[in-house]
Amino acid sequence: MTSRFHRYAELFKQPGPWCTVYTDISTGTVDSLHAIDVQPENVRRELEGLGASKADLDAVEHAIRPAEGLPDPVSRFVVVRDGTVVIDEVLPGPLAGPSRVRVETVPDLTPLFRHRPEDFPYVVAEVSRDGGEIRLQYASRGRAESQQQIEGETEHLKKFGGGGWAHARWQRHTEDVWRRNTEEVAEQIDQVVADSGAQLVVIAGDIRARVLVGEQLAKSTQPLVSMVNANTRADGSDAAELEEQVDRSVGEVIARRQQELLERLAEQENRPDHTAVHGIGPVVAALQQAQAETLLIDETSLDTEAELLVLEAEPWIAADQSEAETLGVRVLDRVPAHAALLRAAVLTDGRPVFLPHGALPDGTEVAALLRWSATPAG
């Protein structure tokens, strides 16, 4: 299990009540600035009406604040328990679904998983002829995981403007300086990719430096590269343009990964040993046996009224209160089906993925890729 999912698994095991808030915190207009000013008080009042404790109210009110340094639109997802902020995620982009303010027996992390339907590491490198900045980021997080600055040689960095033999010699020397600087940047990018397992490398900056860095990357890194025409290291540059292009590149990787999952689903459903299932009943049965490797949910299933039971311990989820379903484990609550399915997937070391409406075949709302066959060999 990834550290991200492991963290959520531990969270799901803890008793409530939980306060969850998913809201827009954009500050781009006069109206939105006013809304941000009164938002903490409004959220507090709404949670108070739902029975939240004073400690939780204080924690949420303090957490709901504008995000600095990120272009609009931007959203925030906050989860609080026992007066402690357990999750506080700033999520670039508009809300992926309706805003929510709730007090819950178990936390519904659907907004967080929907906002970024996939999580993977990627690298953003802003390069110039004198070095660069390299950031390791994750698709599900707004902030950089790590960041490093590389300062290369600056002496004789600019080309000599004269002519003759001296001119040619200085030109070659300058090109050598550029190449050494960009080689150092490329080496660091390769190291970050190797250490993190990054699946995308976005390179921005001076056009000549971008080319040199790209040429000097390891062969294993080069297929991951997306060159973007944005130079934020130049005076007067606009960081929002780079962020927009990075988001587009991340979106392309997400779409490709989702397509690969759909192809696996089609292939595994057609195999004689049936290592994939679809529909609420078969998927719940697979989750109860910790059989689901990847859970695929049509995001529009969030709009249905279907509900499932969440249990205090294994098998974590049940369709009804019969002994055959709950195995005698205490029922914590009846919750929307998507929230129960997501929780059970994380608690059984599965990977939940939300897909665009219609991506799953034949109107299917939920499916699962299995770790072993759904039907015993006979």
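Trainee: Hi! Which residues line the largest cavity?
Mentor: In this predicted model, the largest cavity is lined by Ile-280, Ile-297, Ser-301, Thr-304, Ala-306, Ala-337, His-338, Leu-341, Glu-365 and Val-366.

Trainee: Which helix gives the largest share of that lining?
Mentor: Helix α10, residues 337-347, does, with three residues.

Trainee: And how does the lining of the largest cavity split by class?
Mentor: You'll find six nonpolar residues, three polar and one charged.

Trainee: How much space lies in there?
Mentor: About 80 Å³.

Trainee: What lines the second largest cavity?
Mentor: Tyr-22, Ala-96, Pro-98, Arg-100, Thr-110, Pro-111, Arg-114 and Leu-302 do. Helix α4, residues 110-115, gives the most, with three residues. By class, this lining has five nonpolar, one polar and two charged residues.

Trainee: Changing topic: in what order do the strands of the open sheet come?
Mentor: The four strands go β3-β2-β1-β4, with antiparallel pairing. At the edges are β3 (84-92) and β4 (100-104), each pairing on one side only. From one strand to the next, the twist averages 10°.

Trainee: How many bridges join β2 to β3?
Mentor: Eight, with β2 covering residues 74-81. If you'd like a spot to look at, find Val-78, which stands opposite Asp-88 in β3.

Trainee: Nice! Last one: which strands does helix α3 lie across?
Mentor: Helix α3 (residues 54-63) lies across β1 (18-24), β2 and β3, and runs at about 160° to β2.

Terms used:
Residues are numbered from 1 along each chain as its sequence is written. This is a predicted model: local features need pLDDT of at least 70, side-chain atom pairs count only at pLDDT 80 or more; totals for chains, interfaces and linings use all residues. Side-chain values use heavy atoms; hydrogens and water are left out. On a 1 Å grid over the protein atoms alone, a cavity is a set of points where a 1.4 Å probe fits but cannot get out, and a pocket is an open set with protein on both sides within 12 Å along at least five of seven lines; lining residues have an atom within 4 Å of a point. Grid points are joined across faces, edges and corners, and a volume is the space filled by probe spheres set on the points. Helices (H or I, at least four residues) and strands (E, at least two) are DSSP runs, numbered from the N terminus. Ala, Val, Leu, Ile, Met, Phe, Trp, Tyr, Cys and Pro count as nonpolar, Asp, Glu, Lys and Arg as charged, and the others, Gly among them, as polar. Two strands pair if DSSP finds at least two bridges between them. Axes are lines fitted to C-alpha atoms, for helices over the stretch in contact, and angles run from 0 to 180 degrees between N-to-C directions. Contact means heavy atoms within 4.5 Å.
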